[in-house]
Amino acid sequence: MNGDGSLERLKRDGRIVVVGASLAGLRAAETMREKGFTGSLTMIGDEPYEPYDRPPLSKQVLLGKATADRTALPRRRDIDAKWRLGVPATGLDMAGRRVRLADGDEVEYDRLLIATGVRARPWPNEEEGALDGVFVLRTRDDGAALERSLAAGPRRVLVIGAGFTGSEIASACRERGLPVTVAERGNAPLVGALGGVIGEVAAEMHRTHEVDLRTGVMVTALEGDPSGRVRAAHLSDGATVEADVVVVSLGAQRNTEWLAGSGLGAGPRGIACDAGCRAFNIWGIVTDDIYVAGDVARSPHALFGYQFLSLEHWGNAVAQAETAAHNMLSEGMDRRPHVWVPAFWSSQFGVNIKSVGVPPMGTEILITQGSRDERRFAAVYGYQGRVIAAVTFDQCRWLPFYQHLIETTAPFPPQFATVDRRPEGHKALAADFPDPSVPTHGPTITLSGYSPADRKMTFTPARH
Amino acid sequence: MTQAILREIIDYANRADPYPLYEELRKTPVSQDSDGPYVISTYYEIHSLLHDPRISSDRRNLTPTTGDPLAQTEEDGETALPPSFLGLDPPEHDRLRRMTNRPFGPPHSPHRVHDMRGELKGIVSGLIDGIVAADGLDRIDLVDQFSYPFPVSVICRLLGVPPEDEPRFHVWADTLAASLDPDPDADPSQRHKGSQDTRMELGMYLAGLIEERRKNPGDDMLSHLATADTPDGTMTTMEILSTSALLLIAGHETTVNLITNGMLTLLRHPEVLQRLREDPGMAVPIVEELLRYEPPVQLLPQRSPLTEIEIGGVTIPKGASLWLILASGNRDPKRFDHPDRFDPDRGDIQHLGLGSGIHSCFGAPLARLEAQLALSELARRLENPQLLEDPPPYRQNAVLRGPRHLPISCDGIRP
Ligand SMILES: Cc1cc2nc3c(=O)[nH]c(=O)nc-3n(C[C@H](O)[C@H](O)[C@H](O)COP(=O)(O)OP(=O)(O)OC[C@H]3O[C@@H](n4cnc5c(N)ncnc54)[C@H](O)[C@@H]3O)c2cc1C
């Protein structure tokens, strides 16, 4: 602690800027005010809306049970901020401590929090992606537009990519009685996130709900009619699917381009930071005034071999934002690590799916409770003889127990008796994750023990 | 040592204020002596056991011991019936609970509880009006005149007991309640027989009602349970009987105490009572804090591990009896700041008052609504209520703890 009163000055009348006015940005801002920060707070967001919640967009909103403009995030407290909404940040001057905005303005900061999240990966062919009836789903506007098109009663919807979002969209379509085709490059839905053993259960779920599920195929082209509306998609197996709504659900890209050339350790895999949410510069040196939180962050985790984790998880965004905010207003030993155990939920086809830990790290899986046939079970993932993750289908109340196993590096396979152990739970299976070098729809957790910035550097060791 | 503690928990002398005893208990989060139950008294340990799939709620997995003083009294009278889902493990538990939940809550019946609001208000008003008509306002027994009759009427409406049969239902419910609250001086075999007879009568009555609902279904829970054809199949008549017996007893015994403990606590904290009078919306945080501060279910005595487990540094053998002292966990200073303070403004309140995990209180939404309506109406309508005895006389029961009578006076009853 330097004890020169600078921390007190910062808390009293410092300038804090948050780029990315969504879940992580808002929760961080609220936490800073709670912790007695009375200085100026600027919230910069490229979307024109105040912070809103995304998970309902692929669930209640698509079902028409909530409208996209009604998903504003509840406020924990007043944050008394200057809002700069509808203006993207376009650059960062680390030495001058300023953020440049698209409208030419510059905002100075003493502490900066970057929470720019991710965006939907667009359809690679720009012209096809621009056809009428082709959607992605990430923002409130996306949600509203897609809902409108579903309400209009399309003859068939095509979802490209059967990750969590794609599967939720398919589920919503079926609940609305719409014919839907899902095309997935992997062998089953959710394989990237949960592996093939669980993917099979997911595939069954699609099929019993009369989703036309096509796996092991890629969509090679989208075709429009003369008026510029999408009418069909061509698949790698030679098939054609006629659809008047196509939802591209191919995972996400980190919003880091605006930091290019700034010297911050930011690249396509996100912004690298230490366990205290402090961003690294391109040399892997920690900055002391720039912090990162939410989907855009990559941070090392002791439980998972100190690999860098990027998580696209709601709960992580909140917890990391709170830690970042705490650390932004603390010094030295008062800082806390963000040691969040990854946790994710989804709901599709009437089933509540939850996971903890890092399933894609698992090599084996054991069904500890319930049965896959009934689509109600708990399973644990094993990695080098320990429990590394768990997933439940409609059994989430047991999850804290499994989380505890992960936190205490419990041995895999677990030997103990449990309620509802079935014969299939007596033997571990290969978890069956696809080769990570083959891209799927995106696993929502990315592990990467890689350099801070994806910048090609020539490393010339000093000669003695 | 522990036997002494177990006896102290059961000991009536500690009923009015068991909390100093719990404080003592928490010094050893997991305690046991020779062959008695293991007593778990701290928040995190209780919470983790409630979510531990190695722990069974099915009594048939208990190794019979002589050291469990609750083993007898806690026979919640289902001897003649198959165990209700409260005393079963998955998958049977899940199946029955799911089928029971279909006509009760989300996702299939999201409005059931909410839609009862008007009816509940009507019952509350009727009972409060009745207080005026009764013996005068100098000495009101809030238990007999209000907190007891209220939940039974609610259960009757929920199950679909015809209004003309409600009085009979009240008598049965009272008898069963009394059997859960053993008077140490009464002859146990006599009591046992009395409650068995009542159970039979109630069972016969319900079986008749179920038959009648199969022919003429209405929108009540019994009709739905009797006629439902769900992905889980249908319930047998015996299953419906044990389920409705569970709803009756669990939904009744707990709510009585929640309301009575609630009013007692409010009378001891007149400033909070005043706030509730001015703002009925306060009922929501007040009831939540009550569930932490004076939970109607003090402990869960019937769980046991399916395998040897380790908790709080203690190894517990397979089949041992566990007592999870929820009320003690709720006052654990490691979990709650100033746990002995009644503070409806505390934001962080993940209490154990309704349990947690797969057996967490099935009727929670209804219990909350009943208590909120009851307390806010009592606060609004009773003029200058005063506690006449502090502490009031308690019931014998250490598990379902609450005053047997709550004598109060008031100056008048507002319309
Ligand atoms: C349809 C959908 C369903 C989901 N369902 C679940 C679920 O069921 N469970 C779960 O755990 N998670 C779910 N998630 C993920 C969850 O919503 C995210 O983890 C969470 O939103 C991350 O919050 P964030 O603040 O880090 O990023 P975001 O919410 O992505 O916010 C980042 C914000 O920064 C803005 N921004 C980007 N670049 C700039 C710039 N240069 N200047 C200014 N602003 C910028 C973006 O426009 C955006 O508003 C879902 C996400 C989606 C899209």
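This is a predicted model: local features need pLDDT of at least 70, side-chain atom pairs count only at pLDDT 80 or more; totals for chains, interfaces and linings use all residues.
Residues are numbered from 1 along each chain as its sequence is written, with chains lettered from A and ligands numbered from 1 in the order in which they are written.

Two packed helices are described by the angle between their axes and the distance between the axes. Helices (H or I, at least four residues) and strands (E, at least two) are DSSP runs, numbered from the N terminus. Axes are lines fitted to C-alpha atoms, for helices over the stretch in contact, and angles run from 0 to 180 degrees between N-to-C directions.

In chain B, helix H11 (residues 188-215) packs against helix H13 (residues 237-268) at an angle of about 120°, and their axes are 10 Å apart. H11(B) is therefore oblique to H13(B); angles under 35 degrees count as roughly parallel, over 145 as roughly antiparallel, 65 to 115 as roughly perpendicular and the rest as oblique. In the contact (heavy atoms within 4.5 Å), the residues of H11(B) include B:Leu202 and B:Ile210, and those of H13(B) include B:Ile240 and B:Leu248. The contact residues comprise eight nonpolar, three polar and two charged. Here Ala, Val, Leu, Ile, Met, Phe, Trp, Tyr, Cys and Pro count as nonpolar, Asp, Glu, Lys and Arg as charged, and the others, Gly among them, as polar.

H11(B) also meets helix H10 (residues 166-179) of chain B, where the axes come within 9 Å and cross at roughly 145°. Among the residues in this contact are B:Trp172 of H10(B) and B:Tyr205 of H11(B).

The ligand is surrounded by 30 residues, each with a heavy atom within 4 Å of it. A polar side-chain atom of A:Ser22 lies 2.8 Å from an oxygen atom of the ligand, and for A:Asp46 the corresponding distance is 2.5 Å. From A:His313, a backbone N or O atom lies 3.3 Å from a ligand oxygen atom.

Most residues other than glycine have a negative phi, and most peptide bonds are trans. The peptide bond from A:Phe412 to A:Pro413 is cis, with omega near -5°, and A:Pro413 is in the loop between helix H8 (399-407) and strand S29 (429-430) of chain A. The bond from B:Pro90 to B:Pro91 is cis, with omega near 5°. A:Arg97 has a positive phi, near 50°.

Technical notes:
Side-chain values use heavy atoms; hydrogens and water are left out. A polar contact is a pair of N or O atoms within 3.5 Å; within protein, one must be able to donate a hydrogen and the other to accept it, and residues adjacent in sequence count only if both atoms are side-chain atoms.
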